[in-house]
Amino acid sequence: MPINPTAFETRLPIVVLGSLDELWFQVAGTRCNLTCTHCFISCSPHNDSFGFLTLADVERRLQESVEWGVKEFYFTGGEPFLNPDLIAILERTLDFGPATVLTNGTVLKPEWLERLRAAEQGSLYSLEFRVSIDGPTPELNDPIRGPRTFERAMCGVELLVQFGFLPIITMTRVWDESQDAEILGLFRDVLHQHGYDRPRLKVLPRLLLGAEANRTCGYSSAERITAEMLDGYDTTQLVCQHSRVVTDRGIAVCPILIDSPDAILGDTFHEASHGFAVTHGACATCYQYGAICTNPSHK
Amino acid sequence: MICLGDLGAFGPHPDRTCELIRENGILVVQGNYDHSIGHELNDCHCGYTDPRDNHFAQLSYDYTLANTSDDHRAWMRTLPSQQRLEMDGVQLLLCHGSPRRTNEFLWESTTSAQFLAKLCADLECDLILGTHTGLHWQRTCLNSQGFINVGVLGRPENDGTTNVWYTILRSAGAGRSSLLWEVEFVPLAYDHERLAREMRNERLPEEFIETILTGWWTTCLEVLPSKERRRGRW
């Protein structure tokens, strides 16, 4: 009997949630004080596609996370520190597990960091800051993130270090991958000069979505995961195998794709635990680099 | 006596460790190093992400692979990735990193109690024993299930002391305690200066020798969460 070639070709690459290890909160929606030209969800002061989460929203999900055995909590936006509930949210989260907040570092206030330092010291768990800076100089960073953002973010790093935090400087690779070692070395030197004596660095691949698709280019139709590519592949490398994102519009599959219509999977963790077709261009980036969204301490 | 894996790495003469372990019939769980060495893979699969960390990890791995005999490598391939034991009714699950993955990092400050409780429930055990990160710790969950990282004997714990650590686990005995086990983390002093000399003779990196002599980690630091990183010097 002949094999039906159409059925074979249309087999979708489905990834099922294996375990809900990381729970993300789109805590500032898509609202940001900056308008970075490479932002994969086009955040800005005027983007209200996704709204803020309240302390009550987060508290409910933290309670629900217990039976799912969530290991770590991540907070992103937009700029999370624009959300007036954020400090209380992070304080409460540290009762449940480790927390990581992704910030551009430009709006941090000493009184917030004082409270957060006390909260972390009183917790079993780490509070990590990931500060986005796209290169070790204003010349590399500012054309992407905006005028004076390098200087302002470095002030944020200095403030975090003063309060005893060890921020993870997270940069999007807006240079050629072969320059990684040189850029990382230069960045370490610059951070030392700013008083950060053991800088932690993380490089992210570019995601050709949102504003970045306009800045450079989007994904080509060839940059896709096929079902055959998942045969024998360790799917724990993919963020959607072990993460979900709480947004004000429901639970999304991963932090990268929230703008995609198919990314909102439901209102409950159960509804959001079903398989997802990893057919987006960004899925191919995740496939290539592996677990791009989590911290280096997570393996 | 039980060994939770990674027989070589960092230090000199990995074959001597294998000989001692095998001669004494000690139960061993396979670590990521043992899996990689056993199968002659390209690297240790420790899970580092930083280029400098990977550079030093590779020096350690290449030395260990070159100094592990074919016979020991064949034996490493036969080691189980996990082992279940019962201790006076307590169901123990022994692994290297986590029961889910040999090289999973379970750090004290980034592993929630609810995660450990679910792991124990899903795997139908009371207590999980692991190592891998190189730092001992323990946590007991609300339902009296728990996790113990038993520490490591091959490298000091980034606390400025030169001793290494092992763990004694005892049954608490029925009715004596709400917990069914007792844990003692034991610091072990040894002739670390002799070890440093042997490492120099084997041309292992000075950065590793500094760790043996000072008790502070100098490499493979970028995977540490912030709480653990702050406790160290570098």
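Two residues are in contact when heavy atoms lie within 4.5 Å. On that basis, in this predicted model, 74% of the contacts in chain A with a separation of 6 or more come from residues 24 or more positions apart.

Chain A has 299 residues, and 57% of them are buried. Its secondary structure comprises 10 helices and 11 strands. Taken along the principal axes, the C-alpha atoms of chain A occupy a box of roughly 70 × 45 × 35 Å.

Chain B contains eight helices and nine strands, and 52% of its 234 residues count as buried. A compact globule with 234 residues would have a radius of gyration near 17 Å, and the 18 Å of chain B agrees with this. The C-alpha trace of chain B spans about 55 × 40 × 30 Å along its principal axes.

The next step is to see how the chains meet. The contact draws 36 residues from chain A and 33 residues from chain B. Between them the two chains bury about 2,600 Å², and carbon and sulfur atoms carry 44% of that area.

Polar and charged pairs also link the chains. There are 20 residue pairs in polar contact between chain A and chain B, counting pairs with both residues at pLDDT 80 or more. Salt bridges between chain A and chain B number four. One of them joins A:Lys71 to B:Glu104, with the closest N and O atoms 3.1 Å apart.

On chain A, several elements each supply at least two residues of the side that touches chain B: helices H2 (55-68), H4 (110-121) and H7 (180-193), together with strands S3 (72-76), S5 (127-132) and S7 (200-204). H2(A) gives the most to this side of chain A, with four residues. Sorted by class, the side of chain A that touches chain B has 15 nonpolar, 10 polar and 11 charged residues.

Conventions:
Residues numbered from 1 in each chain as written. Chains lettered and ligands numbered in written order. Predicted model: local features only at pLDDT ≥ 70, side-chain atom pairs only at ≥ 80, totals over all residues. Heavy atoms only, no water. Buried area = accessible area lost by both parts, 1.4 Å probe. Salt bridge = Lys/Arg side-chain N within 4 Å of Asp/Glu carboxyl O. Polar contact = N/O pair within 3.5 Å; in protein donor to acceptor, adjacent residues only side chain to side chain. Nonpolar A, V, L, I, M, F, W, Y, C, P; charged D, E, K, R; others polar. Rg over C-alpha atoms; globule rule 2.2 N^0.38 Å. Buried < 20%, exposed > 50% of the residue type's maximum accessible area, 1.4 Å probe, protein only.
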